[in-house]
Amino acid sequence: MNATPADTKTDSNSSSPAQPVLTAKEARRREQILHGPELPVIFSIALPLVFYNSLHQVFQLIDTLIAANMSAGVVSTVSFVEQIQAMLAAIGSGLSVGGSVIISRSYGSGDMEKVRSQISTLFFACLAVGTLLLSLCIPLAYPILRLLRMPEDLLAQGTAYFMLSVTGIVFLFINTIYLAIEKSRGNTKVMMWCNMLVMVLKTVLNAGIVLLLQRKSVSLNTAMLLLPVATILAQGALTAIAIVTLVSRKNPFRLSLKACTFNRSFLRPLSALSIPVFLEKFIFAFGKVIVNSMCATMGSTVVGALGVSNRLGGFCTNPPSGFQDAESSLISQNIGAANLKRALGIFYRTLFINLGIATGLLVLMLAFKNSIIMLFARGDAAFAGEINAIYTYECWDSVLISINASVMGLLYGFGKTRITMVLNVIRLFVYRIPPLFLLLHFTNIGVPAVGIAMLISNGAVGITSGIVAVWFIRKVKSGTMQYSL
């Protein structure tokens, strides 16, 4: 086994004046993460993320409800473009996950000067990539949407919507990296409050757009195009906070071009961790675009129905995702401190917590399913029927997906992003798209086929993840699995 150096038990070096010095509060938090009782530590780090994820899901549903108040076509356009945005955001997500793992390891080992260097390098690298991506996507918006087979009746408004949406990619990249930096230090309360700010601003602005539409101050197309503008303004507010925080002299890890180290010792492990995560999220989002295209053959509103069903499913799956984020950071820091037993203990406890949460939320969602669906259908019986036909099947995968979330946190924490990439590629291109194709072309099931395909893919990947976790832990305990960077 090739583990990282042990905790030095000191956060500063008196012989090096440049060495960042942690505040007393941050030093106490680090000590708890590395040596405190595991369950309280997990909850203290995870609960702000769980609260945010749950609230985020509520606000996403409100956004979808706002779009539904406009028309089913608007819901379908937004749902289609969202998956393309997810493909682009995968680049920032890959860099944030890879960077977070590396920074957490250094933070756990006590090398604070290295932490500062890694934060600066990661930030400026991500900023450059986001700017390049923006310069490519806006001129190619229409060809991209045609290539991805957006329904013809949505293409004109979809192109304008996509161009506005992608404009905020630089803000999104900066915010993603900033929040990853905070997570790597266990500062999840900051993540919660910052994300809540974005959600509240976006929802208030979206509500204002609906009010303008109801008063007929703007047309339906204009109102739809104002939705991504609201997102840009909300993300921009967080970007301003991020930059002010990252350059503040009170921040021991403040940004500095001089501190950047664009060399092999940092870029090589960053690439090794980030590229699989990017490919995982990009391919998964691309696969969802393919699924949307396949669903569009049954009518453009089916794309919107799938989007609503995914939102409803998120009520059960998003809280475990919050524990997954905390789990990966905690595991990385404890590996940095050479505490393998504690790292694995965090996984076991997170798995148990996620199974309980997913089961409880599934029961609640089943109890109120019909009432929630009618909120989105807005009296459209056909649209309500499509949502119900998909979600009736999709909801049952929640518990198995919570297993997948826990295993992903384990693998991210150990830096095994190639394994997570393979799992998500299998989830989509083995467990989802082929069954959906077969159900659509060789049966007369119709719209429920989409829900059945979701149930098959999400359930199967949960089982597969469980098997992978057993294999991985055995390899780690036997000393045959290397996990150093």
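Visitor: Is Ala338 buried, partly exposed or exposed, and what is its relative accessible area?

Guide: Ala338 has a relative accessible area of 44%, so it is partly exposed. Keep in mind that this is a predicted model.

Visitor: Where is Ala338 found?

Guide: In the loop between helix 11 (300-336) and helix 12. Phi of Ala338 is near 60 degrees, a positive value in a residue that is not glycine.

Visitor: What about Lys216, what is its phi near?

Guide: Near 60 degrees, again positive and again in a residue other than glycine. Lys216 sits in the loop between helix 8 (188-214) and helix 9 (220-247). Its relative accessible area is 75%, so Lys216 is exposed.

Visitor: Let's zoom out. How many helices and strands does the protein have?

Guide: There are 17 helices and zero strands. The radius of gyration is 22 Å, close to the 23 Å from the globule rule for 485 residues, so the protein is as compact as a globular protein of that length.

Visitor: What does the C-alpha trace span along its principal axes?

Guide: About 70 × 45 × 35 Å.

Visitor: And what percentage of the residues count as buried?

Guide: 56% of the 485 residues. The protein exposes about 19800 Å², and carbon and sulfur atoms supply 66% of that.

Visitor: What share of the contacts join residues at least 24 apart?

Guide: 83%, among contacts between residues at least 6 apart in sequence.

Visitor: On to the inside. How many residues are in the largest nonpolar core?

Guide: It has 97 residues. Ile331, Leu410, Phe414 and Phe472 have the most contacts inside it. Helix 3 (residues 72-109) gives the largest share of this core, 14 residues.

Visitor: Which residues does Ile331 touch, beyond those up to four places away in sequence?

Guide: Ala343, Ile346, Phe347, Gly409, Leu410, Gly413 and Phe414. Leu410 and Phe414 are also on the list of residues with the most contacts in that core. There is a second, separate core as well, with 31 residues, including Leu306, Leu362, Ile387 and Met454.

Visitor: What is Ser406 in contact with, leaving aside neighbours within four places in sequence?

Guide: Glu327, Phe347, Thr350, Leu351 and Asn354. Ser406 and Pro320 are 86 residues apart along the chain, and their C-alpha atoms are separated by 7.4 Å.

Visitor: And Asn424, buried or exposed?

Guide: Asn424 counts as buried because its relative accessibility is 6%, under the 20% cut-off. Asn424 lies in helix 15 (residues 417-429). Setting aside neighbours within four places in sequence, Asn424 contacts Glu280, Phe284 and Met408.

Visitor: Charges next. How many salt bridges does the structure hold?

Guide: One. The side chains of Glu38 and Arg349 form a salt bridge, at 2.9 Å from N to O. That pair links distant parts of the chain, with Glu38 in helix 2 and Arg349 in helix 12 (residues 340-377), 311 residues apart.

Visitor: Why does Glu38 count as buried?

Guide: Because its relative accessibility is 18%, and buried means under 20%. Arg349 is at 35%, so it counts as partly exposed.

Visitor: Back to helix 2. Which residues form the nonpolar patch on the surface with about 240 Å² of accessible area?

Guide: Leu39, Phe43 and Leu47 together. Leu47 is in helix 2 (residues 38-70). At 42% relative accessibility, Leu47 counts as partly exposed.

Visitor: Last one. What does Leu134 touch, not counting residues up to four places away in sequence?

Guide: Pro139, Val166, Thr167, Ile169 and Val170. Leu134 itself is in helix 4 (residues 112-137).

Visitor: What separation do the C-alpha atoms of Leu134 and Leu362 have?

Guide: 39 Å, with the two residues 228 apart along the chain.

Key. Residues are numbered from 1 along each chain as its sequence is written. This is a predicted model: local features need pLDDT of at least 70, side-chain atom pairs count only at pLDDT 80 or more; totals for chains, interfaces and linings use all residues. Side-chain values use heavy atoms; hydrogens and water are left out. A nonpolar core is a set of buried Ala, Val, Leu, Ile, Met, Phe, Trp, Tyr and Cys residues joined through side-chain atoms within 4.5 Å. Buried means under 20% relative accessible area, exposed over 50%, partly exposed in between (1.4 Å probe, protein chains only). Helices (H or I, at least four residues) and strands (E, at least two) are DSSP runs, numbered from the N terminus. Contact means heavy atoms within 4.5 Å. Patches are made of residues with over 30% relative accessible area and no salt bridge: like charges are joined within 9 Å, nonpolar side chains (Val, Leu, Ile, Met, Phe, Trp, Tyr) within 5 Å. Accessible areas come from the Shrake-Rupley method with a 1.4 Å probe; for residues, only the protein chains shown count as cover. A salt bridge is a side-chain nitrogen of Lys or Arg within 4 Å of a carboxyl oxygen of Asp or Glu. The radius of gyration is taken over C-alpha atoms; the globule rule is 2.2 Å times the number of residues to the power 0.38.
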